[in-house]
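Have it open while you read, and go through the points in order.

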Amino acid sequence: MSELRVEIDSDSGFCFGVVNAIAKAEKELENDSEPLYCLGDLVHNGDEVKRLADKGLKVIDHDGMVALEGKRLLLRAHGEPPSTYSLASKSGIRIIDATCPVVLQLQRKIRKAFIEYPDTQIVIYGKKGHAEVNGLVGQTDGRAIVVDGVEDKAGIDGIDFSKPVMLFSQTTKPLDGFNALSEFLESRMADGAEFTSFDTICRQVAGRRKKIEEFASRHSVVLFVGGDKSSNAKALFEACVAVNPNSHFIQNENQIDMSWFNGASSVGICGATSTPMWQMERISEKLKVKKEK
């Protein structure tokens, strides 16, 4: 155990959108004693949600908005549909908008396409029910068709291939999945029906899969740190397992099993776009203490 080398993946941790949202939350909490509410967990990480809750951030759902008249409401990086802003305006709720700029740009692009091309079907490559996807679908007054890949028969069956189609993507979906779906849908189009695809995947997120595979392949054991609600965490963990079967998904240092490192020479600690660096550093410190004993 004394020879165990510990490395934290420098490319893991919060993406820009999450960093921006947390910074806004902390600034509001520090500068104003009035309650600050957040529409859903600010980030899909239980420990980080608790840290912010301890600072005073209160999490509510959409049903809870009706009781917030005159209060402050933080919108997370995932973005929200127009209906949320409308309800806030009617209720006198003060919005602190932390929508990721990449998501905001995508929302505007989808809204523009929906208004300018009313006869075109808007298809979104994404996970049904995901917060970001709900916000994107809202730009089309609920008419967009959500498809979660070429295997999503139910979603694909909702498309009329005799009519024009515009394909967009949830910003955090894998690029290879988008390309596969784009090629598949185009091959299904009827003669004369126009198909257009827009690669709207965030490159900061998309590039992490390859980097995390390279990182995981360098170590005997991998500890992947992520929240159990995070789609990004699940996808990146699968990438780790694909190149290193000795990969373990944990939410915090309390879930570490020291027997995982028997005979190991190195351990790599990595995480999702919703994983705080302080959490990975805490795990590293625990391993170093164990190593020295």
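1. Before going on, some ground rules. This is a predicted model, with local features requiring pLDDT of at least 70 and side-chain atom pairs pLDDT 80 or more, while totals for chains, interfaces and linings use all residues. Residues are numbered from 1 along each chain as its sequence is written, and side-chain values use heavy atoms, without hydrogens or water.

2. Which residues of helix 2 are buried? They are Glu48, Val49 and Leu52. Buried is under 20% relative accessible area, exposed is over 50%, and partly exposed is in between (1.4 Å probe, protein chains only). Because the three span an arc of only 100° around the axis, they sit on the same side of helix 2; the arc is taken from the directions from the helix axis to the C-beta atoms. Lys50 and Asp54 are exposed on the other side.

3. Now the cores. The largest nonpolar core holds 19 residues, and Leu36, Leu42, Leu57 and Leu74 have the most contacts inside it. (A nonpolar core is a set of buried Ala, Val, Leu, Ile, Met, Phe, Trp, Tyr and Cys residues joined through side-chain atoms within 4.5 Å.) Helix 1 (16-31), strand 2 (36-39) and helix 2 (46-55) each give at least two residues to this core, and helix 1 has the largest share, with 5 residues. Apart from this core there is another, of 16 residues, including Ile145 and Phe195.

4. Leu57 deserves a look of its own. Neighbours within four places in sequence aside, Leu57 contacts Leu29, Leu36, Tyr37, Cys38, Leu42 and Leu52, contact being heavy atoms within 4.5 Å.

5. On to the sheet: 4 strands in the order 7-6-8-9, open and paired in parallel. Two strands pair if DSSP finds at least two bridges between them. Strand 7 (145-147) and strand 9 (195-197) are the edge strands. Strand 6 (residues 121-125) pairs with strand 8 (residues 165-169) over 5 bridges, and Val123 has Leu167 of strand 8 as its bridge partner. Helix 4 (residues 101-116) packs on the sheet, touching strand 6 and strand 8, and its direction makes about 170° with that of strand 8. Axes are lines fitted to C-alpha atoms, for helices over the stretch in contact, with angles from 0 to 180 degrees between N-to-C directions.

6. Finally, the loop between strand 11 (247-250) and strand 12 (266-271) contains Asn252. Asn252 is buried, at 14% relative accessible area. A polar atom of the Asn252 side chain is 3.0 Å from the backbone nitrogen of Asn254. Beyond four places in sequence, Asn252 touches Asp47, Gln279 and Ile283. Glu253 lies in the loop between strand 11 and strand 12 too, and is buried at 14%. With residues up to four places away left out, Glu253 touches Arg282, Ile283 and Lys286.

Conventions
Polar contact = N/O pair within 3.5 Å; in protein donor to acceptor, adjacent residues only side chain to side chain.
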